[in-house]
Amino acid sequence: MEEMEEELKCPVCGSFYREPIILPCSHNICQACARNILVQTPESESPQSRRASGSGVSDYDYLDLDKMSLYSEADSGYGSYGGFASAPTTPCQKSPNGVRVFPPAMPPPATHLSPALASVPRNSCITCPQCHRSLILDDRGLRGFPKNRVLEGVIDRYQQSKAAALKCQLCEKAPKEATVMCEQCDVFYCDPCRLRCHPPRGPLAKHRLVPPAQGRVSRRLSPRKVSTCTDHELENHSMYCVQCKMPVCYQCLEEGKHSSHEVKALGAMWKLHKSQLSQALNGLSDRAKEAKEFLVQLRNMVQQIQENSVEFEACLVAQCDALIDALNRRKAQLLARVNKEHEHKLKVVRDQISHCTVKLRQTTGLMEYCLEVIKENDPSGFLQISDALIRRVHLTEDQWGKGTLTPRMTTDFDLSLDNSPLLQSIHQLDFVQMKASPPVPATPILQLEDCCTHNNSATLSWKQPPLSTVPAEGYILELDDGNGGQFREVYVGKETMCTVDGLHFNSTYNARIKAFNKTGVSQYSKTLVLQTSEDTDSEEQTVPFPVPSERLPLRRMSPFSSTLNLQPSFPGRAYFDFRSSPHQLSLHSSLQSLNAPGCNFETQSASYSQLVAWFAFDPGSAHSDIIFSNDNLTVTCSSYDDRVVLGKTGFSKGVHYWELTVDRYDNHPDPAFGVARIDVMKDVMLGKDDKAWAMYVDNNRSWFMHNNSHTNRTEGGITKGATIGVLLDFNRKTLTFFINDEQQGPIAFENVEGLFFPAVSLNRNVQVTLHTGLQVPDFYSSRASIA
């Protein structure tokens, strides 16, 4: 019950609610506190003025806080309006809890009458101290707000359950212990307040005064006041308006604003809402039970981390003693790493314990309050707050969603030290005998006698210098766009001859080549300038290349018609079809002109053919939490939440296959692999929106996901070292996934059309490396050829 106490206290005065009223935003406030936080509005903003101008549409008009400047950011309080020269304002003062209140025009009268009977300032507005929504009062003032009888009953029961002495209800500062209670006034008095506010003369002489304990019993046994209609104070609530979601009386149905609304029986709606609240509480109760068990698990994890830390440190010290002479400094560094990991694990778990404890306390308080509300027998009072409570319960249950009750840290220390290989390496280590790294290969030489153009195709040939002693593992051929733009890679491989098809006619291109090995890449060769044929209707002609030059001036012609996609939105996307022959390696690209709408591709042939692309991850479009390495081929993340990274290459035609190897896989996360549009959401798991088609997988199983729809659960997960293959086949309009060279489930998605980019989502527990330029699996190629 103690955790429910915050639900029973007024946000303004901090004490238990006294005569609480319900604001339109569903929050409660003491009636006296509501009067204290009233502020005056300009005459032009009053409800009467709005109705006169034809703009008023409701009894309570919410204010535009930005335009009206009701909320003061400078002092975090609520104040009267400023900046209206024609409208006088009422001076305000600030209460200790930051809410501005009107200074009383006169000392409060010593009377037991309800504050609701006192007049309120004309054209007043009130701002909810919890949600900060403001509204202008109508002619009824505070009497237009319904009283929360249910909340009063819950507070009475809560106070009765506390075995504390009853206090006087009229003491202004420190309440004294009550000595009597007036059964007619329903107020507890101490002796000074009784003599001052309830003298035994006049009409008050007929009131019956009883001891506080007897008064508490009589109050508990007395029938609860029946709530009356706020518009017709003499009428009790008899029906429930479905459209306005509030109890109404029969006069409201006959002559009021509810006459055309759908209404239902008060008792039926009372039972229905009680049932809904009870069902919502069942789900929240299960969450609270799981949270308690989770807290026990987290506390046990703290002890396990402490024990594992001590055990690991002892093992580490024992191993380092054998290497003390050579590894003394290293030993200290390793211990520091262990302690850092230890502190990190403890911090993560303790932070999660603290967060979960606070959330559980709030959940438990809300549950106890709701259970007490359900015990109430006042249908109208219950219905006044049931909708708000149901929403709060569902919202609180959603906050205990996926991942909340999952430990963010494991108890194991993923560190190990094997000293036997290191001892042997130390004995064999000799700086004099260490071999230097091999040099990079020499710069390739273009063989001009074998280079030529043929219509809109170009053939290039190169070789290593004759006296070169460093072998090259491969070559990288680069070509510009024929319009003076940036160079793009068009071929990477071991061959020394390449033919590029699909160039623009009557255009000037620049080409260069470089070699590479494990150490690095060589310098670029001299730039070769080449000219394609003048027009498509001319006879076949072969034009030898001109001599190489150092960036000769270029005529600015139209961009590539099909070789490179140089759209500003997607710079550097290239698509190729490699075809081998005994004499040369023919390279065909498959993009159409940038001037054409979209990125449609030409079909190479009716038979099965694969379009191979060499690409890396794109730092420019990735989420800021993504960490790149290995020339943007390896990615991980700095966040515990899933973040998305795209490839630099986009596809819309042909068959494409790439793989990703799992370099690190801790704590069983579920990374996602697939394809996405360029405008996919980057801060959620891949497949959560309608811009991505993905497979997400953990250590046991996988699912396909698009637009947050999960399908085709398949057994078989990933571990460190696993390989995930992605096959995008535009010929068949399908997307298929593989794990360790085996197809994972059925065809994941069909009717795949448009421009797609390779995509991955992961968190800090996963690191993957991209492998491109691969052939599709053999069984798929044979099956596609048969089809």
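Four strands form an open sheet in the order 21-20-23-24, with antiparallel pairing. Strands here are DSSP runs of E with at least two residues, helices are runs of H or I with at least four residues, and both are numbered from the N terminus. Two strands pair if DSSP finds at least two bridges between them. The edges of the sheet are strand 21 (488-493) and strand 24 (528-531), each of which pairs on one side only. From one strand to the next the twist averages 25°, taken between N-to-C directions of lines fitted to C-alpha atoms, on a scale from 0 to 180 degrees.

Within this sheet, strand 20 (residues 474-479) and strand 23 (residues 508-516) run antiparallel and are joined by 6 bridges. Tyr475 has Ala515 in strand 23 as its bridge partner.

The model is predicted: local features need pLDDT of at least 70 and side-chain atom pairs count only at pLDDT 80 or more, while totals for chains, interfaces and linings use all residues. Residues are numbered from 1 along each chain as its sequence is written, and side-chain values use heavy atoms, leaving out hydrogens and water.

The protein chain has 12 helices and 43 strands. Of its 787 residues, 46% count as buried, that is, under 20% relative accessible area with a 1.4 Å probe and protein chains only; exposed is over 50%, and partly exposed lies in between. The protein chain exposes about 40,500 Å², of which carbon and sulfur atoms supply 51%; the areas come from the Shrake-Rupley method with a 1.4 Å probe. Among contacts (heavy atoms within 4.5 Å) with a separation of 6 or more, 66% are between residues 24 or more positions apart.

A disulfide is a pair of cysteine sulfur atoms within 2.5 Å, and the count by this rule is 0. The sulfur of Cys30 is too far for a bond, because the closest cysteine sulfur, in Cys10, is 3.8 Å away. Cys197 is in no disulfide either, with the nearest cysteine sulfur, that of Cys193, 5.5 Å away. Cys30 is buried at 3% relative accessibility, and Cys197 is buried at 11%.

Two residues other than glycine have positive phi values, as listed below.
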